[in-house]
Amino acid sequence: MSGQPPENDDLTSEIRALRIELARLNSHRFVRIHNNLPRLLAFNFARGMVLGLGTVLGATVLLSVVVWSLSKIEFLPIIGEWAAQIAEQMRAQE
């Protein structure tokens with residue numbers, strides 16, 4: 001034995017394992033990106049651009065489908081007329 005109680009050997013091995021795990025986590029790409037400010041800003045800018053583009057495209061498709069489906073409803077007098085007016089205005093803008 002090395003003269004240390006067994007609790008110290010366990011603690012030493014746990015600390016060694018934690019150091020190895022911490023070194024492995026620090027070498028991960030996600031952590032490397034966040035350790036460099038210009039790279040972090042570029043990453044978040046690109047992420048924001050993609051998120052904004054996806055939001056705009058998704059809303060456009062969803063709104064188009066809703067307006068188109070509402071324009072096909074002719075049996076409800078209020079909604080049908082309202083949807084027809086929206087569809088007519090959209091055709092006039094083209």
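Colleague: Let's start with Ala87: is this residue buried or exposed?

Modeller: The general idea is to look at relative accessibility, where buried means under 20%. In this predicted model, Ala87 has a relative accessibility of 10%, so Ala87 counts as buried.

Colleague: Where in the chain is Ala87 found?

Modeller: Ala87 sits in helix H4, which covers residues 77-93. Ala87 and Ser71 are 16 residues apart in sequence, and their C-alpha atoms are 6.4 Å apart.

Colleague: What share of the chain's residues count as buried?

Modeller: The chain has 94 residues, and 7% of them count as buried; Ala87 is one of the buried residues. As for the accessible surface, the chain has about 8400 Å² of it, and carbon and sulfur atoms account for 67% of that area.

Colleague: How do I read the overall fold? How many helices and strands are there?

Modeller: Count the elements, then read them in order. Here there are four helices and zero strands, and along the sequence the pattern is α-α-α-α.

Colleague: Now salt bridges. How many does the structure hold?

Modeller: For these, we look for a side-chain nitrogen of Lys or Arg within 4 Å of a carboxyl oxygen of Asp or Glu. The structure holds one. It joins Arg24 and Glu21, with the closest N and O atoms 2.6 Å apart.

Colleague: Why are Arg24 and Glu21 separated by about one helical turn?

Modeller: Because they are three residues apart in helix H1, about one helical turn separates them. Their accessibility is worth a look too: Arg24 counts as exposed at 52% relative accessibility, whereas Glu21, with a relative accessible area of 34%, is partly exposed.

Colleague: And which residues gather in a patch of negative charge?

Modeller: On the surface, that patch brings together Glu7, Asp9, Asp10 and Glu14. Take Glu7 as an example: this residue lies in helix H1, residues 6-26, and with 56% relative accessibility Glu7 counts as exposed.

Terms used:
Residues are numbered from 1 along each chain as its sequence is written. This is a predicted model: local features need pLDDT of at least 70, side-chain atom pairs count only at pLDDT 80 or more; totals for chains, interfaces and linings use all residues. Side-chain values use heavy atoms; hydrogens and water are left out. Patches are made of residues with over 30% relative accessible area and no salt bridge: like charges are joined within 9 Å, nonpolar side chains (Val, Leu, Ile, Met, Phe, Trp, Tyr) within 5 Å. Accessible areas come from the Shrake-Rupley method with a 1.4 Å probe; for residues, only the protein chains shown count as cover. Lys and Arg count as positive and Asp and Glu as negative; His and the chain ends are not counted. The place of a charge is taken as NZ of Lys, CZ of Arg, CG of Asp or CD of Glu. Helices (H or I, at least four residues) and strands (E, at least two) are DSSP runs, numbered from the N terminus. Buried means under 20% relative accessible area, exposed over 50%, partly exposed in between (1.4 Å probe, protein chains only).
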